[in-house]
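Please keep the sequence and the three-dimensional view at hand while reading.

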Amino acid sequence: MRPKIGLALGSGGARGLAHLGVLRVFEEQKIPIDYISGSSMGSLVGALYANGNDLNMLEKLAIHLKRKYWVDFSVSKLGLVTGEKIKELIRILTHGKNIEDLAIPIAIVATDIETGERVIFRKGPVYQAVRASISIPGIFVPETVNGRLLVDGGVIDRVPVHVVREMGADFVIAVDVGLYDTRMKVNSIFDVIAQTIDIMERQNLYHQIVAADYVIRPEVGHISSISFTNVQEIIEEGYRVANESIDKIKNLIQKWEDSHE
């Protein structure tokens, strides 16, 4: 009897593209993924993967997609980027599906900016839930869903370990691409906002991450969460660290199986 394996993919803007490298290792090593939870970029990568999109295609898209195709500047007082272009892109890449129709069960985490509550999407349009989850406060205009004003899931739950556990996962692998002890150069208002959120999320993280059975931490803390110019490097770092971790993960899964015979 093997455990049901859950993958909790964390927020981190551009750094979250490291999740693509991690997923490639799991595919190569034939580690089955039964459940996924994601915040922010973790929700975007997780949803595209849960839809069955080919990883080669996703990597090429991440590396070559020009900013003009997904950034639309806003005149709203609530954010600098409207987010309609990225929403349409997500809709196309997930074939307009609902969350409940994806090949792998996924939970997408957002934050209600007015109440501070965690909002977990398990059904409804993928593009709407992901658009809410990636709404970095101050950068993206919040997404309104059922009368609620929603922003980045990472604000409340950077790596949603408990969420994937509640879905039914016996063994949880968390992927944390957050900022650690690296000094980040701050050159713009975008950097100020992104850095502020990083610091806030770090304070919340410890109590959540300890519930994981294994944590993969790609060393991408030196890269700004809004820097989409180092994409290949970010993906390769995710691959490197996951590859180095795979024997430990397999051993832990084997221990779980031995103890549940």
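## Helix α2 against helix α5

Helix α2 passes helix α5 in a left-handed crossing, and the contact is made by Ser43, Leu44 and Ala47 on the α2 side and by Val126, Val130 and Ser133 on the α5 side. The model described here is a predicted one.

How are the two helices placed relative to each other, in angle and in distance between axes? Helix α2 covers residues 41-50 and α5 covers residues 126-133, and they pack at an angle of about 155° with their axes 8 Å apart. Because angles over 145 degrees count as roughly antiparallel, this makes α2 roughly antiparallel to α5.

## Helix α4 against helix α5

Helix α5 also packs with helix α4, residues 84-93, where the axes come within 8 Å and cross at roughly 140°. That angle makes α4 oblique to α5, and the crossing of this pair is right-handed.

On the α4 side the contact is made by Ile86, Lys87, Ile90 and Arg91, while α5 contributes Tyr127, Val130 and Arg131. The residues of this contact divide into 4 nonpolar and 3 charged, with no polar residue.

## Strand β8 and its partners

Strand β8, residues 148-152, is joined by 3 bridges to strand β4, residues 106-112, and the two run antiparallel. Within this part of the model, Asp112 has Leu150 of β8 as its bridge partner.

Strand β7, residues 143-145, also pairs with β8 in the antiparallel sense, over 3 bridges, and here the bridge partner of Val145 is Arg148 in β8. The hairpin formed by β7 and β8 has 2 residues between the strands, and in it Asn146 takes a positive phi near 50°.

A search of the whole structure finds 15 salt bridges. One of them is formed by Arg2 and Asp34, whose closest N and O atoms are 2.8 Å apart. Arg2 lies in the segment before β1 (5-9), whereas Asp34 lies in the loop between α1 (18-28) and β2 (35-39), so the pair ties together parts that are 32 residues apart in sequence. Side chains of opposite charge can pair in this way when their charged atoms come close.

Conventions: Residues are numbered from 1 along each chain as its sequence is written. This is a predicted model: local features need pLDDT of at least 70, side-chain atom pairs count only at pLDDT 80 or more; totals for chains, interfaces and linings use all residues. Side-chain values use heavy atoms; hydrogens and water are left out. Two strands pair if DSSP finds at least two bridges between them. Helices (H or I, at least four residues) and strands (E, at least two) are DSSP runs, numbered from the N terminus. Axes are lines fitted to C-alpha atoms, for helices over the stretch in contact, and angles run from 0 to 180 degrees between N-to-C directions. Angles under 35 degrees count as roughly parallel, over 145 as roughly antiparallel, 65 to 115 as roughly perpendicular and the rest as oblique. A crossing is left-handed if the near helix is turned anticlockwise from the far one by less than a right angle, and right-handed if clockwise. Contact means heavy atoms within 4.5 Å. A salt bridge is a side-chain nitrogen of Lys or Arg within 4 Å of a carboxyl oxygen of Asp or Glu. Ala, Val, Leu, Ile, Met, Phe, Trp, Tyr, Cys and Pro count as nonpolar, Asp, Glu, Lys and Arg as charged, and the others, Gly among them, as polar.
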